Amino acid sequence: MIHARGLARSFTTKKGREKTEVKAVDGVDIDVEDGEIVGFLGPNGAGKTTTLRMLTTLLTPTSGSATVAGYDVATQAEQVRRSIGYVSQSGSTLPEALAGEEVVDHGRLYGISKAQAEKRGRQLFDQLDLDGLWTRKPSAMSGGQRRRLDIAMGLVHDPKLIFLDEPTTGLDPQARANLWEHISALRTDRGATIFLTTHYLDEADALCDRILVIDHGVIVAADTPEVLKQSVSGDLVELVLSDAGDVARAAIALAALVPGSTADADGLTVSMRVPHAGRQLAGLLRALDRDKIALDSIEVRRPTLDDVFLTVTGRSLREEAA
Amino acid sequence: MTLRHGDDVASSVHGGNFARETWIVFFRQLRIALRNPAWVIIGLVQPILYLGLFGPLLEPLASSFGTDNAYTIFVPGLLVQLGIFGALFAGFGLVAEWRAGVIEAERVTPASRTALLLGRILRDVLQLLVQGIVLIALGYAFGCGRPSAGCCSGSC
């Protein structure tokens, strides 16, 4: 569905007389097969949206090539646009227009007749739990409803490939979970291929078959969420002690679980990565008990995509890019 | 840029498509504008208010322009003002639509980008036309249409 090779885009910014070239996307290769849900993950400014805008023909690549749905983005832009649906980050409806009319007009711009666009639109409203909102203004809708309306706008011409740019940004957890269901349903009901960007790890984890991690305009990792998480060595065991005097002894007890390792101590917290921590936990607790070390809490965390991100880029996803 | 340009040419080759897309955009703009009666009323009342409120102030000056009816100067003046401000504000609606993401969403459709712009401009043109007609009609009512008949041709 999508095949991109060496796709790059740079912008020139002027600072006085000095021109500097900023490489927003620096040569990415992307392959997405039919029926896949692929997540494009990265912090703000990593180049996610720029890549998406190139793939949707909104931006001309500085170099590299891409075919989307079988058409070249540079020379067959019109055919590409006809085959894809794009749901942008910023929304796609005017707050004071009527939802239904926006969808119909949008569909007609794709060359669909008015009657057909209305039929499709009403079907989509039904599927996306927007029934009864046909004549409502987007300004009077909730954030989640507006997001689903944007998706309806992008689907009105029944595209086989859908681009979603940060679909759940700004939604509350319930609305997000609800939107996830709708997004997965796009594939099961329509057989659509979905390419979405996100900076939420749990979102990529919950929705995607494959994840591409992008940082500073370069793809730094690409695999299934499971394999990516396995690349992080083990679960994180975190002990919080009640007495600062025990920290050194607790660190030794924890390090004893994995030969040749050392535990990190930070204030009252002692932590270390332990493969298959579940099996080791009972022994650890017994050892701590024997040494009369009192615990405030103990926590075992499975590797998250945040850890993956930290491993491949050397920094946390939550730290905003410098 | 060259790409985008070639693209527009390609879609306008389909002829009827271009007119159809322009019409869709134009009609959408018109519908949204008419749905907000406040702006329609303000747009129509504004020239009337200018005429009614400022016209009398110009009466004492009329003789210095060599006419006995100030409106023969004022009405064409207002038409010019309408033209200038109408053109200045033509892009205003575009800013709001850009912010709401509407423009970007429409740019991902196969529709010609020229049609997206033309449809919007045509709505502004229509608004100007209606306001101009109201002004001219009022000008007649205030006595502009008489002998010199210059209020529209600008000879006064």
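Two strands pair if DSSP finds at least two bridges between them. Helices (H or I, at least four residues) and strands (E, at least two) are DSSP runs, numbered from the N terminus.

## The model and its numbering

This is a predicted model, in which local features need pLDDT of at least 70 and side-chain atom pairs count only at pLDDT 80 or more, while totals for chains, interfaces and linings use all residues. Residues are numbered from 1 along each chain as its sequence is written, and chains are lettered from A and ligands numbered from 1 in the order in which they are written.

## Chain A as a whole

Chain A has 11 helices and 14 strands. Its C-alpha trace spans about 80 × 55 × 40 Å along the principal axes. Of the 322 residues in chain A, 41% are buried. A residue is buried if 20 or more other C-beta atoms lie within 10 Å of its own, exposed if 12 or fewer, and partly exposed in between, with C-beta atoms placed from the backbone.

Two residues are in contact if their C-beta atoms, placed from the backbone, lie within 7 Å. Among contacts in chain A between residues at least 6 apart in sequence, 67% join residues at least 24 apart.

Four strands of chain A make an open sheet in the order E2-E1-E4-E5, with antiparallel pairing. Strand E2 (18-32) and strand E5 (71-72) of chain A are the edge strands, each pairing on one side only. Strand E4 (residues 63-68) of chain A is joined to E5(A) by two bridges in the antiparallel sense. Thr67(A) has Asp72(A) in E5(A) as its bridge partner.

Helix H1 (residues 48-55) of chain A packs on this sheet, where it touches strand E1 (2-15), E2 and E4 of chain A. The direction of H1(A) makes about 120 degrees with that of E1(A); axes are lines fitted to C-alpha atoms, for helices over the stretch in contact, and angles run from 0 to 180 degrees between N-to-C directions. H1(A) is mostly covered, with eight of its eight residues buried. Among them are Lys48(A), Leu52(A), Arg53(A) and Leu55(A). Thr57(A), which follows H1(A), has a positive phi near 70 degrees.

## The six-stranded sheet

A further open sheet in chain A has six strands in the order E6-E7-E8-E3-E9-E10, and its pairing is mixed. Strand E6 (84-87) and E10 of chain A stand at the edges with a single partner strand each, so one side of each has no neighbour in the sheet. Neighbouring strands are turned by 15 degrees against each other on average, direction ignored.

Strand E3 (residues 37-41) of chain A runs parallel to strand E8 (residues 193-198) of chain A, and five bridges join them. Phe40(A) stands opposite Thr197(A) in E8(A). H5(A) packs on the sheet and touches E6 and strand E7 (161-165) of chain A. H11(A) also packs on the sheet, touching E9 and E10 of chain A, and its direction makes about 130 degrees with that of E10(A).

## Helix H11

In helix H11 (residues 305-313) of chain A, the buried residues are Leu305(A), Asp307(A), Val308(A), Phe309(A) and Thr313(A). These residues pack against helix H7 (201-207), strand E9 (210-215), strand E10 (218-223) and helix H8 (225-230) of chain A. Just after H11(A), Gly314(A) takes a positive phi of about 80 degrees.

## Strand E13 and its partners

Strand E13 (residues 269-274) of chain A has Val270(A), Met272(A) and Val274(A) on its covered face, and Thr269(A), Ser271(A) and Arg273(A) on its uncovered one. Strand E11 (residues 235-241) of chain A runs antiparallel to E13(A), joined to it by six bridges. Here Val240(A) has Thr269(A) as its bridge partner.

Strand E12 (residues 264-266) of chain A also pairs with E13(A) in the antiparallel sense, over three bridges. Ala265(A) stands opposite Val270(A) in E13(A). The hairpin of E12(A) and E13(A) has two residues between the strands, and Gly267(A) takes a positive phi near 65 degrees there.

## The contact with chain B

In chain A, 26 residues are in contact with 22 residues of chain B. Helix H2 (77-83) and H3 of chain A are the elements that give two or more residues to the side of chain A that touches chain B. H3(A) gives the largest share, five residues.
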